[in-house]
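Have the structure open while reading.

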Amino acid sequence: MLWHKLRRDLIENLGANLACIIIITIGIMAFNAFHMAVDNLDLARLRYYEDCRFADGFAAVQEMPASELYRLEEIPGILQVQGHLRRDITVLMPEWGKNLTLRLVGIEPDNPGALNRVIQTQGPGIKAQSKEVLLGKGFMAAHGIKAGDSFDILSGGKKHRLIVAGSGQSPEFIYLVPDEGSFFTDTALFDVAFIDSQAMQALTGQEGIVNEIAFRLQPGSDYEAMAGRVEEILQPYGLKQLVAAEDQISNFMLNQEIDGVRMMANSLPALFILIAVFILYLLLRRMVEQQRLQIGTMKAFGLSDLAIVTHYVL
């Protein structure tokens with residue numbers, strides 16, 4: 001008897017039942033889609049870091065002779081050390097009416113084993129010892145710059161002309177944050193540019209000097225175990241910052257974004273399921289109120305409370 005009544009109730013409330021099924025299905029699909037997106041983002045990040053040889057530790061100093069980097073390489077557990085020169089320089093584009101800044105980073109374009117390797121995305125690329133640069137895509141798009149164009153910068157009180165050899169991206173600058181700590185950067189006003197390391201030293205008049213250091217650990221080595229020794233060596237050179245890869249600002253912000261998508265992947269499907277549960281609750285409440293007489297009749301025929309509750313829950 002109850003099975004016949006269940007079938008009849010399902011047919012009478014077909015619209016509401018279908019709505020619940022659709023909402024639950026959407027929730028399950030959203031759960032799968034978001035988790036696939038998170039997994040793909042995480043996998044793409046790991047592959048990109050592996051391809052670019054993302055460093056395990058980062059340090060910033062005032063100035064340090066490049067010839068002193070060997071002292072870091074002698075620390076047990078450190079596999080590779082690399083230093084480069086970095087400066088924020090002013091771009092001379094008066095037509096914009098605003099101060100434009102580029103974070104100029106010296107790199108070794110012909111060294112495939114370099115840490116935090118720059119991936120070229122447009123143009124022919126930079127030549128060794130030339131004043132060619134790879135610009136950030138945001139800066140190029142905002143100012144309509146293309147490979148082969150040139151622009152003027154101000155460095156050391158002198159004007160220099162740089163030639164654009166294309167665009168590039170480094171894992172160290174996926175998120176570009178000014179030194180003053182602003183977490184929101186307009187790439188039209190502030191972006192990164194990469195230049196040959198020797199040309200960078202000549203441009204700034206700091207031959208043989210580095211102010212940023214990256215290092216990679218040997219497999220199984222612990223960053224915390226050697227951070228004290230690294231700090232001790234770099235302290236005389238005006239150590240500003242020493243962080244592990246997980247605390248490097250660009251990597252940290254990227255991980256935060258992926259974690260945000262992961263939280264959404266868990267919360268959004270739950271919202272759909274809660275809506276479906278609420279609809280079912282309203283439907284069941286209305287059904288029970290309308291069928292009080294039928295419930296009394298079923299109890300009069302000897303059906304137990306458990307059987308009646310099971311019927312309505314199903």
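Of the 314 residues in the chain, 40% are buried, where buried means under 20% relative accessible area, exposed over 50%, and partly exposed in between (1.4 Å probe, protein chains only). The model is predicted, so local features need pLDDT of at least 70 and side-chain atom pairs count only at pLDDT 80 or more, while totals for chains, interfaces and linings use all residues. Residues are numbered from 1 along each chain as its sequence is written, and side-chain values use heavy atoms, with hydrogens and water left out.

The chain has nine helices and 11 strands; these are DSSP runs, numbered from the N terminus, of H or I with at least four residues for helices and of E with at least two for strands. Take contacts (heavy atoms within 4.5 Å) between residues at least 6 apart in sequence: 78% of them join residues at least 24 apart.

Two residues other than glycine have a positive phi. R53, in the loop between α2 (14–52) and β1 (57–65), has a phi near 55°. R53 is partly exposed, at 23% relative accessible area. N116 has a phi of about 50° without being a glycine, and lies in the loop between β4 and β5 (119–122). Is N116 buried or exposed? Its relative accessible area is 6%, so N116 counts as buried.The second largest pocket is lined by 29 residues, with I107, E108, P109, A114 and V118 closest to its centre. A pocket here is an open set of points on a 1 Å grid over the protein atoms alone where a 1.4 Å probe fits, with protein on both sides within 12 Å along at least five of seven lines; lining residues have an atom within 4 Å of a point.
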